[in-house]
Structures are given as C-alpha cells and as structure tokens.
Amino acid sequence: EAGVVQSPRYKIIEKKQPVAFWCNPISGHNTLYWYLQNLGQGPELLIRYENEEAVDDSQLPKDRFSAERLKGVDSTLKIQPAELGDSAVYLCASSPGRRGGDTQYFGPGTRLTVL
Amino acid sequence: TQLLEQSPQFLSIQEGENLTVYCNSSSVFSSLQWYRQEPGEGPVLLVTVVTGGEVKKLKRLTFQFGDARKDSSLHITAAQPGDTGLYLCAGGTYKYIFGTGTRLKVLA
C-alpha cells in the first residue's frame, strides 16, 4: 500500500512569491492534516480535515495561507505571498478515522526555502 | 493550553551506551505517543501508551507512561547508530500536539 505522497519535495522561492504544496493521503483515510515543522522542533498543526471539511484551522494564518481538500481526497496548501519566516518543512499526514487520536501516517514533507 | 516539554533537547552518545528521553507536561493526557523522525522523512509512530504506569517494550526501546499520565519516558539500551534521529512525544485530549523534540546522535 502506498504511503502519503507529497510534492514537491523541495521548493526554493523568493519572498512575496506564491507557492503551493500537494498531498495525496493513504487511500481510504478520511482525516488529513497539514503541519509546519521548523528545524529540530516538533510539528505544529496548521489545519485538519475530516473528509472535505476543515474541522480545525485555528492555527492557519489565514491572511496568507489557504488550503483545500476537494472531494475529500487530495489536498493543497498555498502560501501567498511567502515571507522569509515561512521557510520550514510542510508535512502532510492522514489517518483512517474521525477521532483525532487515530494513528497518523506522515508523508516525507516539502522543504520550503524563502529567499 | 497543553504543552509537552522534552529533555534533553540534544544528545550525542557513543554506540553501546544507554539513554533516557523525557516528555513532561503539567496537563493530564489520555494517551501519549512516541515517534522517530529521520532526516528528510516524516515522523513514524513507535508506540502508544494509554494507562498510567504502563510500560511497553519495543526491542531495545522501553516506554513508560507516568502514573498521573502527565509524563512519559523513552529508554534506549545499547544505542546503535541506526537509532539516530529526532524523537517526538505527542498527544492531546482536545488538540493533538507534539513535544519540543529530542535530537539523538549515536556515534559508531
């Protein structure tokens, strides 16, 4: 069974440019998460989806970040415009059920560098 | 707000040594999970502890959940270079959060 797929793996952009990340969760997983991880630190939740509904986006900086999960499968996370402080790894994870405690399976992440 | 503080933040040891990583909070957690993350990869779940005082073993790794379910520890016996990575505890009653992380490097 394929794991969580993310693309691109690496992205380098100049500040004020837009950027988008894509995630394909494990087949059949209803819950999808986007996390931000700074070097050497634990991931921080940005948004959690149950199917196509964003059930927790309290930590998403909505002035510049947006996300969507069309048809409750794939998801995209967008930043527009990017700032220097957005440089980090963006992780996508999925889990089978609705409860937040279900085991999460992580993708390899997208490493974003903003110059 | 629930927080998970891990210590130490960094640990560099020689192959064959033992080590313990701690995960502490002032809040009670219904369960805690431990992950290992290697460079360029996402975290991978190692174990879930649910009951206060619970001890779980995974080969050379021993995980313990505090009696009050506010803390947990990870003990590695005879560390190997393959144990190198970022160790994360995580949990949450209302919001799932990750700990601050412990970066372990085992030297051959």
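This is a predicted model: local features need pLDDT of at least 70, side-chain atom pairs count only at pLDDT 80 or more; totals for chains, interfaces and linings use all residues.
## A covered strand

Let's start with strand 4 of chain A, which spans residues 31-37. Seven of its seven residues are buried. In a regular strand, side chains alternate between the two faces of the sheet. Here one side carries Thr31(A), Tyr33(A), Tyr35(A) and Gln37(A), while Leu32(A), Trp34(A) and Leu36(A) sit on the other. Both of these faces are covered.

## Its two partners

Which strands pair with strand 4 of chain A? One is strand 5 (residues 44-50) of chain A, joined to strand 4 by six bridges in an antiparallel arrangement. Within this pairing, Leu32(A) stands opposite Tyr49(A).

## Aromatic rings

Now for the rings: the model has 10 aromatic pairs over all chains. One of them is Trp34(B) with Phe63(B), a tilted pair at 6.4 Å centre to centre and 45° between the planes. Trp34(B) lies in strand 4 of chain B and Phe63(B) in strand 7 of chain B, 29 residues apart. Trp34(B) counts as buried because its relative accessibility is 0%, and Phe63(B) is buried with a relative accessible area of 0%.

Tyr35(B) and Phe98(B) form another tilted pair, 5.3 Å centre to centre with 45° between the planes. Tyr35(B) and Phe98(B) also belong to one aromatic cluster with Tyr33(A), Tyr35(A), Phe106(A) and Tyr96(B).

Terms used:
Residues are numbered from 1 along each chain as its sequence is written. Chains are lettered from A and ligands numbered from 1 in the order in which they are written. Side-chain values use heavy atoms; hydrogens and water are left out. Buried means under 20% relative accessible area, exposed over 50%, partly exposed in between (1.4 Å probe, protein chains only). Helices (H or I, at least four residues) and strands (E, at least two) are DSSP runs, numbered from the N terminus. Two strands pair if DSSP finds at least two bridges between them. Rings of Phe, Tyr and Trp (its six-membered ring) pair if their centres lie within 6.5 Å; planes under 30 degrees apart count as stacked, over 60 as edge-to-face and the rest as tilted.
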